[in-house]
Amino acid sequence: MVYGRRRVGKTELLKHCLKKGTISSVYYECKETSEENNISGVSEIIGDALALPPLAFSSFEQVLEFLFRRAGESPLIFVLDEYPYLRRVITGLDSIIQSLVDRYRSSSKLKLVLCGSYVEVMKSLLDEQNPLYGRSGLVLHLKAMDYYESSLFYSSFSSEDKVRLYSVFGGIPYYNRLINPEKSVRENIIALIASPGSRLESEVIMYLKSEIQKMANAYVVFETLAKGYAKFADILSQSKVSSSPTLVDVLEKLIRMDVVKKTAPINDANNRKKAGYHICDQLTLFYFTYIYRNLSRLAVMDSDVFYDRFIEKDFEEQYVPRAFENVCTQFLIRKNQRKELADDFEKIGTYYFDDPRNHKNGEFDIVAEKDGKYVFYEAKFRKEPVDQNMILKEIGQVENTGFDCARYGFFSRSGFSAIDESLQKKLVLFDLNDMF
């Protein structure tokens, strides 16, 4: 089983594996049409792939049984891409496959791959009550790439611009391959999403509509999340969704779609009131931050004027610096997995603090923990280098909350200046060259 959100690269991955492998294979992309049309299509492809005369089947079950028997002597791979389409038109298809798998498990060398973009449907195949439960030898949930893997699509850009591009297009290969290296970040954003008729203008809405039937609540939730509201109570009051159960349903659906994630402080993971919800797909975040609320303006304005007025300032001063925090977290995870950090960790995320002396509470955005020892990290995406005064100010703010840190780390877009050597020994410092 291979599944993941639309455009994440499942089909490309499968085709690449089939092309590089030595085993005979049949790849079929299921259609949103009748069983008869799918039988006709797959029969033709089987004939071409295996050099057989025209084949005639009366049901898809016969197609599958033919391939199971065909693979009795030599291995064969059969890929059913967009499996949910076929499952929708053939009643009991999961049970049919389960029966054939059990019948031919010991006598056939067929490798059957079920692939799909409807994440909720594909996950349902793993449920205990589903006939296919326990039959999969491999279940691969394909996720978006991280910031570094994404940057390989636009390697000629500066490290600064790589952060900017990731903040808009995220880790989806399809979006990243559209980026034109001959254009600036601004020109790519305008050409691909911030102009009428642009390539990705309708991409976000199309993807959401493919998975969600009632879109009204989803739209207002996205707008609320894009404004920075993260706690459940705040989302409920700001979005004006009709009820808590309705909001729960919407959020759970968006989480299953891999466009929203639920987070909790690493020091209070089980406290539901402190959990936060965030848009984790960058293109969706950018769209609902700048495009969706301004669609009427976008339709009648010059694209450059629109960008200057509704995107540019906030993008540089607020949006990209927030995305930079996510990039820094991903960098630390990469380094930790490769055992390249002096302060390795077992958890990373936000840290909740309660400061009764100053009558406030809040969260530190990037904190790593191992065996009760914490390392605090601060990310600065600013033109000026980070200097000693800035570092001491940040450390002082942390210490004022009573938070005990083993070490302090800082990320800087523009490097560091005028830091005493004695202080440097207590710090972990990274710049963009380290990250790329």
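Which residue in E5 is the bridge partner of tyrosine 3? In this predicted model, that partner is histidine 141. The pair belongs to the contact between strand E1 (residues 2-3) and E5, which run parallel and are joined by two bridges.

An open sheet is built from five strands in the order E2-E3-E4-E1-E5, with parallel pairing. Its edges are strand E2 (24-29) and strand E5 (140-141), each of which pairs on one side only. Helix H2 (residues 35-50) packs on the sheet, where it touches E2 and strand E3 (76-81). The direction of H2 makes about 155° with that of E2. Helix H3 (residues 60-70) lies across E3 and strand E4 (110-116), and runs at about 155° to E3.

At least two residues of the lining come from each of helix H1 (10-20), E3, helix H5 (93-104) and E4. The greatest contribution is that of E4, with five residues.

The largest nonpolar core comprises 77 residues, and Phe286, Ile291, Phe315, Phe324 and Phe411 touch the most other members. Helix H18 (residues 312-337) gives the most to this core, namely eight residues. Apart from this core lies another, of 36 residues, which includes Cys30, Leu80, Ile90 and Leu114.

Strand E8 (residues 347-355) contains threonine 350. Because its relative accessibility is 17%, threonine 350 counts as buried, the limit for that class being under 20%. Not counting residues up to four places away in sequence, threonine 350 touches Ala264, Pro265, Ile266, Asn267, Glu363, Phe364 and Asp365. Phenylalanine 364 is 14 residues from threonine 350 in sequence, yet their C-alpha atoms are 5.4 Å apart.

Strand E9 (residues 360-370) is joined to E10 by five bridges, and the two run antiparallel. Within this pairing, valine 367 stands opposite phenylalanine 376 in E10. E9 and E10 form a hairpin with two residues between them, and aspartate 371 in the turn has a positive phi of about 50°. Strand E10 (residues 373-380) is mostly covered, with seven of its eight residues buried. E10 is also joined to strand E12 (residues 407-412), in this case by six bridges and in the parallel sense. Here glutamate 378 has phenylalanine 410 of E12 as its bridge partner. In general, strands of a sheet pair through backbone hydrogen bonds, in either a parallel or an antiparallel sense. E10 takes part in both kinds of pairing, antiparallel with E9 and parallel with E12.

Technical notes: Residues are numbered from 1 along each chain as its sequence is written. This is a predicted model: local features need pLDDT of at least 70, side-chain atom pairs count only at pLDDT 80 or more; totals for chains, interfaces and linings use all residues. Side-chain values use heavy atoms; hydrogens and water are left out. A nonpolar core is a set of buried Ala, Val, Leu, Ile, Met, Phe, Trp, Tyr and Cys residues joined through side-chain atoms within 4.5 Å. Buried means under 20% relative accessible area, exposed over 50%, partly exposed in between (1.4 Å probe, protein chains only). Helices (H or I, at least four residues) and strands (E, at least two) are DSSP runs, numbered from the N terminus. Contact means heavy atoms within 4.5 Å. Two strands pair if DSSP finds at least two bridges between them. Axes are lines fitted to C-alpha atoms, for helices over the stretch in contact, and angles run from 0 to 180 degrees between N-to-C directions.
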